Amino acid sequence: MNPLTTIKGTISAGVVLAIVIALATMGVKLNVPSLIMWLHVLAGITWIGLLYYFNFVQVPALAAAAADQGGPGGAGITKYVAPRALLWFRWGAVFTWLTGATYLGHTGLLVDAFTLGLRSNGSAQGMFIGVGAWLGTIMLFNVWVLIWPNQKKVLGLVEATADQIAKARRVAFLTSRANTMLSVPMLMSMVSLGHAGFFL
């Protein structure tokens with residue numbers, strides 16, 4: 001059986017390949033913080049990847065479909081693609097935040113991060129990761145409190161008038177764009193922790 005024919009098989013094959021590479025290059029030891037971090041990174045790729053998909057691909061595609069008078073329209077995307085993508089998007093956000101907070105708690109950085117290093121008299125490590133943690137928290141809030149409830153109206157998953165749908169579309173769009181903007185400094189802050197600074 002070819003593992004690439006299903007998503008579960010593909011992911012399982014990727015995990016097995018990663019373990020084989022780890023064994024061949026450095027050996028494998030049970031390291032809970034590293035496992036949590038890898039889960040955090042994978043969840044984050046899912047979340048931010050879908051955020052970028054929505055902003056760079058789906059929104060412009062739906063605008064083009066709406067403008068194409070003789071075209072097929074965007075019904076297929078809004079009926080089949082968007083609900084599934086939003087499911088992975090919102091739960092990817094939750095899993096990213098939870099694994100990030102778990103990692104910070106496991107390594108003793110949680111309070112330092114959420115106080116931006118002030119608890120440790122200006123810890124650079126706490127400030128770097130804390131900026132990213134706070135931006136990620138704001139983005140998670142935006143996903144669940146602003147984007148998802150409004151997308152449910154846009155997609156017809158909850159009843160709404162035409163005016164409510166138009167308003168919901170605008171709120172979801174602008175909030176998604178805000179999250180895209182925040183993702184750049186968030187990612188920079190997350191990576192900077194391992195590289196001792198933002199631009200070093």
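Q: At roughly what angle do the axes of helix α3 and helix α5 cross?
A: In this predicted model, the axes of α3 (residues 75-106) and α5 (residues 124-154) cross at roughly 155 degrees and come within 10 Å. Angles over 145 degrees count as roughly antiparallel, so α3 is roughly antiparallel to α5.

Q: Is the crossing of α3 and α5 left-handed or right-handed?
A: The crossing in which α3 passes α5 is left-handed.

Q: How does the span of α5 compare with what 1.5 Å a residue should give?
A: The 31 residues of α5 should span 45 Å, and the end C-alpha atoms are 43 Å apart, which agrees.

Q: Where in α5 is the kink centred?
A: The kink in α5 is centred on V143 and amounts to about 35 degrees. After α5 comes G156, with a positive phi near 80 degrees.

Q: At which residue does α2 bend?
A: The bend is at F54, by about 40 degrees. F54 is also one of the buried residues of α2.

Q: Which residue caps the N-terminal end of α2?
A: The cap is N31, with a side-chain oxygen 3.2 Å from the backbone nitrogen of S34.

Q: How should I read the spacing of buried residues along a helix, and which residues of α2 are buried?
A: The general idea is that an α-helix has 3.6 residues a turn, so residues three or four places apart point the same way. In α2 the buried residues are I36, H40, A43, G44, W47, I48, L50, L51, F54, N55, Q58 and A65.

Q: How far is A43 from V94 in space, C-alpha to C-alpha?
A: The C-alpha atoms of A43 and V94 are 8.7 Å apart, while the two residues are 51 apart in sequence. V94 belongs to helix α3.

Q: Why does V94 count as buried?
A: Buried means under 20% relative accessible area. V94 counts as buried because its relative accessibility is 19%.

Q: What is the relative accessibility of L116?
A: The value is 35%, so L116 counts as partly exposed.

Terms used:
Residues are numbered from 1 along each chain as its sequence is written. This is a predicted model: local features need pLDDT of at least 70, side-chain atom pairs count only at pLDDT 80 or more; totals for chains, interfaces and linings use all residues. Side-chain values use heavy atoms; hydrogens and water are left out. The bend at a residue is the angle between axes fitted to the seven residues ending there and the seven starting there. Helices (H or I, at least four residues) and strands (E, at least two) are DSSP runs, numbered from the N terminus. Buried means under 20% relative accessible area, exposed over 50%, partly exposed in between (1.4 Å probe, protein chains only). A polar contact is a pair of N or O atoms within 3.5 Å; within protein, one must be able to donate a hydrogen and the other to accept it, and residues adjacent in sequence count only if both atoms are side-chain atoms. Axes are lines fitted to C-alpha atoms, for helices over the stretch in contact, and angles run from 0 to 180 degrees between N-to-C directions. Angles under 35 degrees count as roughly parallel, over 145 as roughly antiparallel, 65 to 115 as roughly perpendicular and the rest as oblique. A crossing is left-handed if the near helix is turned anticlockwise from the far one by less than a right angle, and right-handed if clockwise. The expected span of a helix is 1.5 Å times one less than its number of residues.
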